[in-house]
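Subject: Structure handover

Hello,

Here is the structure we talked about. My notes on it follow below.

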Amino acid sequence: MTPELALQARARAEEEAGRLPALLARAEQLAGTVLLGEHGRRRAGLGDDFWQYRPMMPGDTYRAIDWRRSGRGDAQFVRDREWQIAQSVMLWVDRAASMRFASTPDLPEKADRARLLGLAVAILLNRGGERVGLTGFDLPPRRGNAQIMRLAQAFADADTADYAAPEARGMIPHSRAVFISDFLGDFDAVSAALTKAADRGVRGVLVQVLDPSEETFPFRGRTIFESVGRQVAHETLKANDLRARYLERLAARKDELTAIARATGWLYTCHHTSEPAQSALLWLWRALDGSHG
Amino acid sequence: MTLFGTIGFATPWLLLALLALPILWLILRAVPPAPIRRLFPGVVLLLGLKEDEQVSDRTPWWLLLMRMLAVAAIIIGLAGPVLNPEEDRAGAGNAPLLVVMDGSWASAGSWRAKMQTLDGILAQAGRDDRAVATLMLTRPEPAVFQAAGTVQNRVTGLIPAPWAPDAVRTETALTALPEGDFETLWFSDGLARDSRATMLEALEARGPVTVYESPAPLYALEPATFADGAVQIAASRLRPAGTRDIRILAQGRDPAGNPALLAETTLSFEADATRAEGALSLPAELRARIDRFEVAASTSAGAVTLPDDSLRRREVALIAGSENREGLELLSPLHYLTRALAPTADLIDGALLDILPANPDVIVLADVATVSPAEAEALLDWIEKGGMLLRFAGQRLAASEVSRAEEDPLMPVRLRAGGRTVGGAMSWGEPKTLAAFDDESPFFGLAIPDDVTVTAQVMAQPDPTLASRVIAQLTDGTPLVTRKREGQGQIVLFHVTANAEWSSLPLSGLFVQMLERLAVSSMAAQPDAADLEGTTWTPLRVLDAFGGLGVAENLPGVAGEALVSAALGPELRPGLYQAEDRSLARNVIGAETTLTPATWPDRIPVEGLERAEETPLSGYLLAFATLLLVADVIAALALSGRLFGVRAGAAAILAALLIAPPDGARAQSEGGETNFATGATAEVTLAHVLTGDREIDQIAQAGLRGLSDTLYFRTSVEPGAPVGVNLEEDELAFFPFLYWPVTPDQATPSPAAYAKLNEYLRAGGMILFDTRDSDIARFGAGAPNGRKLQALAAPLDIPPLEPVPDDHVLTRTFYLLQDFPGRYASRDVWVEAAPPDAEQIEGMPFRNLNDNVTPVVIGGNDWASAWATDERGQPLRPVGSGFTGERQREVAFRFGVNLVMHVLTGNYKSDQVHVPALLDRLGQ
């Protein structure tokens, strides 16, 4: 590596690393708003926290009897603990070029919002005691704050492809998954990934992140539309003529996503970057929590 | 030049290019707008979509029309259109031109218009190659024919004089006429004058005469008089010209001595009247401060009148030694004084010490022998500042020991015991009469009636200073009136009584005149020449022709009789004159002045000054074309859908120019005030004072950033980005907390900024002063930063301070703290002192202290350095060493959190004292 190249690489690395704490902090902040009130599995099982006293039943060992409680009456009681078991949750956050788009400078890029949501839900899950990782083989689910750092680092890598297909490899059977993308790319890839996941008993959540301009198509006049990676282009003489048909296609895409999600037992939501991230995170958290059963 | 109506064209053939416009229309209409490239991730959904019609948008007709208009405007503009082009003056030969100007005060109102007309005429004369001379009748100087350009350069130097061209000056002007025949232009001021006929005759003998006369209304303001308790104002105008209201402004000084508009009134002219009157009722104190009356929006000395003493009614306090005995009015010591002064002065009575704060002009002590030491001191103080103490003798004074052995400070001379009586029933000799006043005396020139006699008086001790203090004496040389100057004021003693017991002086008219001369009373009316015989008046301020007041620098004095009777001229300018303690105004318009319009023989052409200006139009047309083209750019962008991007970009650039400060975070710059306000109030914002030292400002900024981040992570306070504030310009009310690093060389704020700071402190703001030097200096005035802090904080409204007590609420607003370290860990941190009656109640952990946020916290621990972090949260400055240092930084952050919590929640945590009591009460 020539010195200039090394220097450039270093500078880029610094720049990328500089983004991490900010993203982490924002994600922490966002996660902090949802934290309380949704603890535990709400059923007896293995764990540390007290759940309930119940009368002793045949099959319980004497060691299980809580003698202090039983001493207050004639019956023997067993102290149940709340069930605590770690789930594995696999994330896939779209890093393709199409996500690096914001229609106005006031709005965050879709990628930015997707990263933020992904990381915030990872932090929440981590605090809830779950294991979090990425789909694929790069980052298997683990617990701990170091994993959050690794996730943040992984999110910071950008993909050069225009549109990305969901990574459905390396999924642990019966785990949970979260896919965050704009899902504007090839629909077959999405369908294949979800089918594969469903085959393994993996259920999860699809979060479609869209820019408001993609919903409203506020364009007029002679226009050449280009994808962010400049690989796809489409020229029109009257952009406003295309609006209705574009919106039809977008609605069709959403319907397809809803349908495939329903078929595979997944949940689907559409989130716009103009809306606050918190609502999406709340929905995401409830969706995941509810699916714990 | 080709003429079309009132518009002429310099190059008319250029208009042929207008024929090309229809062709341009066809060309422009055929070209479609260029496509715009746009990033859009949803493009995959568009693939394969075709628009319904394949025809692209044509340029719309109105855009084309706009472009056509722009091109047409350019073509016409380049053809050089001129509105009202100047035509050559008919009848102008090549004879030399003499410009005669009245140049009086009456011309001043329309002087600018006259000069513009003259400028145009001179320009024309220059083109015609005519020689020009000017002659101003108020300042006649020999007229010499010169090139028009030379004269044109000097036109701005021609200014009117505040007097009129009288017969003498016209005579001089006749001799100043140049040789040979010439044409004459006469700029008349429009007033009738006897000397006009002779001048016109002389001019007509040499060539044709044209008169220019301004039709603008000419107003004259007559001198203001005082009658019926109000200031009477009258104005006249030259010609009746319909119903008209004019505003009269009374300009003067406010109590602080600054020029101010004190009062105004409106005079209404009837449709065919040339005179209007009005009255202005003002308190005496306000009246005394009026410097001038003027007609609003009039620039002529005639529309200004200066008030003098006749408007200034003096305040005279009368104090007698003995109470009035009922029914014996004529024996009252004050009776004659009251009668003499009442018409022209405002009289006050009351106890001496009550009167002095009202600051009267004169205090009269009639036969008062002794005054208490306190009164004497107050009186002396008042005299030093310009008061006039007027004393009259009497039985008590003669019998007292006042000013016997040594001169009493409140007496002008020493007195001999007992006084003397002459010509009475029990004494020898004839009653004495007054000697003529000598020319040093203020009474010089007053006629002495024969029947004024003196039968008793108090006698002055012969002293070396006596001769210089006598201003009136009897025929035998004994003093009758003595005077001593004291500071800016004076003490005058009449050696007789103020009633008719000792002399007949109070019965005579001389008594009133003497009081007038002493400026005890003001003149009731404009004095005539005889009254002013023998006085010399020095000009104080003089009027110029435009009504401006200038300082009379080294103008000579004027004899009194000339002042009221002589005509105005270079030797006697209108203005305010002063002699002794009196002032007299000589105005341009006297009480008798009437305005009469000038009449000219029919053979003389009289022209007004208005003429249609020659206006080149090409500039306007080209500017219009430019505007159209700019509109075209915007419209074209809007049509092609790019307007938004351009607008956002332009707005961003504009915003960057407006808001982005050249030196880091400056809170506010011109035009960004609203942004500043919304930015600072959208979220809690910490602020620091900009010291001008770049490094310190940066550290303060970084420190507050670190503190803001800490607050964001740890507490429910989520501050915005900190800002630096400029105390002079920025609004402080938005910030709950100001960090003020003290540097020895920062600028001391202006009084206005201090007022703002005090307002800020009173409204609950807090300033953290940081001298940043507690590593080297103890708290106090020893170090330069400490001294600067003292200088900075001196004008601030800061309560008594004390070092932070152990139970101060700062120690527990968020974290429990006992130390307040920053980069240094000195314990010298000062806050508002606890009230002296704060006591610790048994069973309570801490005292019930101040109810407010302490307005200042003062220390030297350099907190900003401890808090300072870069954008990534990395500390910028080391604190201590190793883990201990990091612990100290942590405590510093905790102090910051506590401080901000204290600012935002006040003594909330202090109120926790009452929790046990509250719980107790709730339980019952």
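The contact between the chains takes 32 residues from chain A and 25 residues from chain B. (Two residues are in contact if their C-beta atoms, placed from the backbone, lie within 7 Å.) On chain A, the side that touches chain B draws at least two residues from each of α1 (3–32), β7 (223–226), β8 (233–236) and α7 (239–264). Helices (H or I, at least four residues) and strands (E, at least two) are DSSP runs, numbered from the N terminus. α7(A) gives the largest share, seven residues. By type, this side of chain A has 14 nonpolar, seven polar and 11 charged residues. Here Ala, Val, Leu, Ile, Met, Phe, Trp, Tyr, Cys and Pro count as nonpolar, Asp, Glu, Lys and Arg as charged, and the others, Gly among them, as polar.

Two points on provenance. This is a predicted model: local features need pLDDT of at least 70, side-chain atom pairs count only at pLDDT 80 or more, and totals for chains, interfaces and linings use all residues. Residues are numbered from 1 along each chain as its sequence is written, while chains are lettered from A and ligands numbered from 1 in the order in which they are written.

β7(A) runs parallel to β3 (residues 36–39) of chain B, over four bridges. (Strands pair if DSSP finds at least two bridges between them.) Glu226(A) stands opposite Leu39(B).

Chain B has an open sheet of six strands, with mixed pairing. The order is β7-β6-β5-β8-β9-β34. β7 (146–147) and β34 (606–607) of chain B each have a single partner strand, so one side of each is left without a neighbour in the sheet. β9 (residues 209–213) of chain B joins β34(B) in parallel through two bridges. Val211(B) has Val606(B) as its bridge partner there.

Now the helices of chain B. The axes of α7 (residues 167–176) and α8 (residues 195–204) of chain B come within 10 Å and cross at roughly 10 degrees. (Axes are lines fitted to C-alpha atoms, for helices over the stretch in contact, and angles run from 0 to 180 degrees between N-to-C directions.) The residues of this contact are five nonpolar, three polar and no charged. Among them are Leu174(B) of α7(B) and Met199(B) of α8(B).

Further along, α24 (residues 882–905) of chain B is followed by Gly906(B), whose phi is positive, near 65 degrees.

Best wishes
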